[in-house]
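Let us read two interfaces step by step. Have the structure open as we go.

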Amino acid sequence: MITAAVQEREHYLNASYGIKSWLLTKDHKRIGLLYLATITLFFFLGGAFATLIRIELLTPQGDLVSSETYNKLFTMHGVTMIFFFLIPSIPATLGNFFLPMMIGARDLAFPRLNLLSWYLLVVGGLFSLFAMLAGGVDTGWTFYTPYSTSYSNTWVIATAVGIFIAGFSSILTGLNFIVTIHRMRAPGMTWFRMPLFVWAHYATSLIQVLGTPVLAVTLLLVLCERLFHIGIFDPALGGDPVLFQHLFWFYSHPAVYIMILPAMGVVSEIISTFSRKPIFGYGFVAFSSVSIAVLGFLVWGHHMFVSTQSVYAGMVFSFLSYFVAIPSAIKVFNWTATLYKGSISFATPMLYAFGFIGLFTMGGLTGLFLACLGIDVHVTDTYFVVAHFHYIMVGGAIMGFLGGLHFWWPKMTGRMYPEGWAKLSALTIFLGFNLTFFPQFILGYLGMPRRYHVYPEEFQVLHVLSTAGASVLAVGYMIPMIYLIWSLRYGQIAVANPWGATGLEWKTASPPPLHNFDETPIVTHEAYDYTTVMEEVIEVG
Amino acid sequence: MSEHIDSVKTYVLVFAALICATLATTAVAFVDLGPFSVVVALAIAVCKMLLVALFFMHVRHSTKLTRLVLLGALMWLGILILMTLTDFSTRGALGVPGR
Amino acid sequence: MANQAHEETLALREQFDTEAQQKDASTLGMWIFLVTEIMFFGGMFLAYTIYRSTYPEIFAVCSSSLNVYIGAANTVVLLCSSFTMVLAVRSAQLGRQRAIVFNLILTLALGFVFLGVKAYEWNEKFVEHHIPGPGFHFEGIAQQGPAQLFFSLYFAMTGLHALHMLIGGGILTWLIIRTKQGAFTAEYMTPVDVAGLYWHFVDIIWIFLFPLLYLIDRHLK
């Protein structure tokens, strides 16, 4: 009975047509889709750089690119993936789309600011894209001084300006989310009835608001230093480059949590939905998000154990770093406990969620190795570090992103994706990912440094394995790209709540009407209350 | 948030206090207080900040949330500065050359 | 359809249910924006703290080369502008449109006096070769590098502050035009209120910049 009405029913996609109706939209759902298109583009651009890196590393000699080009490749891979894909990935797409719906609001608190954020990301992206096309940048995504300020002859300024602008996009998104969560909740939607996805985004927004400005001012100082040689980070004038590192990592360590926290939010939704149980220890999971955000600001010095940072500070930062393991472990244990005696179905989003839990656990545990002063000195700047953060960022954040994308695809587009293909690609990605990055743990432990394109022959076998894995991974990423676009036209029509999930976003039609709900929902239950959903399903039939 | 309209008299008094504090901080800078001169300067600045925030920015009529936001921001500024000072103030403290 | 499509007005945008909700949201939004500003300036305050504690004597000498009387006078000018701003907000709360315009124009004028004085001071630095860069020279001390650091921080901090003043000036101009158009009433004056928060914040930044830059160990001189 719902499907029959779909053709005529007005929703946010057919409410208006034309380029202008998209580029000037204030609708958070459309802006979410604009972000989705933008970051997908950057994802494949960053992926192209990664491909070149992996092909170069097939052989021990530098036969594909020169060392200068290689420096540019890993820099542009990092810059693109971190600032233009991972940071906006889940918050700006899925968060933008579903956060207002989950709390029963018509839109974010500041819709025009939301559109402005998207434009800022695009403009920032264009600056960085220009830098890449004009000749690239070779400082590494970390822009360490004094190399970035005094010595590099590449497009540091254009790239940094791009990141500076994109940073404001991130700040404004965070600001918008915080105000929305505080002020726009539907009647009855108390803080402890909010889905954990919303809690995770609240924590993420805190980091965006508190951390990103420090990156902005740091980049501004780097720009001044490079343009006018004012000496803030220049040892020749008595400045200290380690101060740059402090300022940079004050943002960039918590930035890792900007990437992973929203993915954790997605996983909480998926795990609960597909085991048909409320999340075990809801309050603990909610507060662990916030405490990860807070603790994330106290540990940045662990990126600087081999700099001239004092040994005492190193010990303090090392000690504090271990604490991040506590809220992270709370989450993993509570997800597992949720599965216990649940009625589990292995739908595609659930496969991604399982992938997330396994890979995040590995990434997290190897993070403990790196938090330890002594071991870190041994593996600093080796492939061990590379493997560790890819387990978090690719294995964690991207798994979460893809899981969420599949989970909410029916709601966003009104179409189902082909389940068989989706499962196949989830499996391909999981296998390809492990084949790519597990050998890198071993490489790093054996002493292969990162950021080199020439290496001793005994490392070749592991590098070949890694490159082979990367090709599998690339195929895994291409498949969803194809079938998701295919499903827009040919996919099965989606009903309002295909998974029998509990969130408010499932209580409205797929795709949602222009103002999300026909009537403002009134919330009377805790999150993940499956008894009420079952009753509704029985009623609707 | 109910509207509180302060009297002009309140604002004039606060304004006068701010001017006096400015003159005081300038005058006291010429006195040799040793390491305490920076403490006094910052203490006066903090007082002025509180006056501006509480009266001109209406924090004294504001919600708990606004105060929490402000307090949080100052705490995070504290984290940034104190944690970095943990490094700079303990260089060489443990006798490791150069660290 | 209880949910949607109330008429969109300035005081009640589509996404909000009540005018109070919109006002609360706008105010909270501005406060959170100010949080980001605190962290933004915070990076510079950190750099200042580190370098002042590393080179205390040089910072004292360099600080004493700034004209403290001009600095203090300019602080008073800025405090006056905060005073007129708060009067503008008060007039807006009472719905007195002409008083809003009058106070906003005064605020804007005082803001420009501040910027004018600042420009005069910067110009002095040009004349004295105290601009960081290849032409930098500070008389009477051996270590030119750290002296240059002081002036780098001086220009970065006062420059960024002045930029915020300029943006504030733009906002005030817009408010004056909107007030004359009759956009604000006692019931809807959120933009005036929120702009006031911004202006006072910029004032607070200067309240810290003044002692930190101008008043280091003046007694030595």
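**Reading the interfaces**

Q: How many salt bridges are there between chain B and chain C?
A: This is a predicted model. A salt bridge here needs a Lys or Arg side-chain nitrogen within 4 Å of an Asp or Glu carboxyl oxygen. Between chain B and chain C the count is 0.

Q: What area do chain B and chain C bury between them?
A: About 4,100 Å², with 82% of it on carbon and sulfur atoms. The contact draws 45 residues from chain B and 45 residues from chain C.

Q: Which domains does the assignment give for chain B?
A: Domain 1 covers 1-61 and domain 2 covers 63-92. Their centres, taken over C-alpha atoms, are 21 Å apart.

Q: What area is buried between domain 1 and domain 2 of chain B?
A: About 340 Å², and carbon and sulfur atoms give 69% of it. Here 4 residues of domain 1 of chain B contact 4 residues of domain 2 of chain B.

Q: How many residue pairs are in polar contact across the interface of domain 1 and domain 2 of chain B?
A: The rule finds 2, both residues at pLDDT 80 or more. The salt-bridge count between these domains of chain B is 0. The side of domain 1 of chain B that touches domain 2 of chain B has 2 nonpolar, 1 polar and 1 charged residues.

Key
Residues numbered from 1 in each chain as written. Chains lettered and ligands numbered in written order. Predicted model: local features only at pLDDT ≥ 70, side-chain atom pairs only at ≥ 80, totals over all residues. Heavy atoms only, no water. Contact = heavy atoms within 4.5 Å. Buried area = accessible area lost by both parts, 1.4 Å probe. Domains from an automatic or database assignment. Polar contact = N/O pair within 3.5 Å; in protein donor to acceptor, adjacent residues only side chain to side chain. Nonpolar A, V, L, I, M, F, W, Y, C, P; charged D, E, K, R; others polar.
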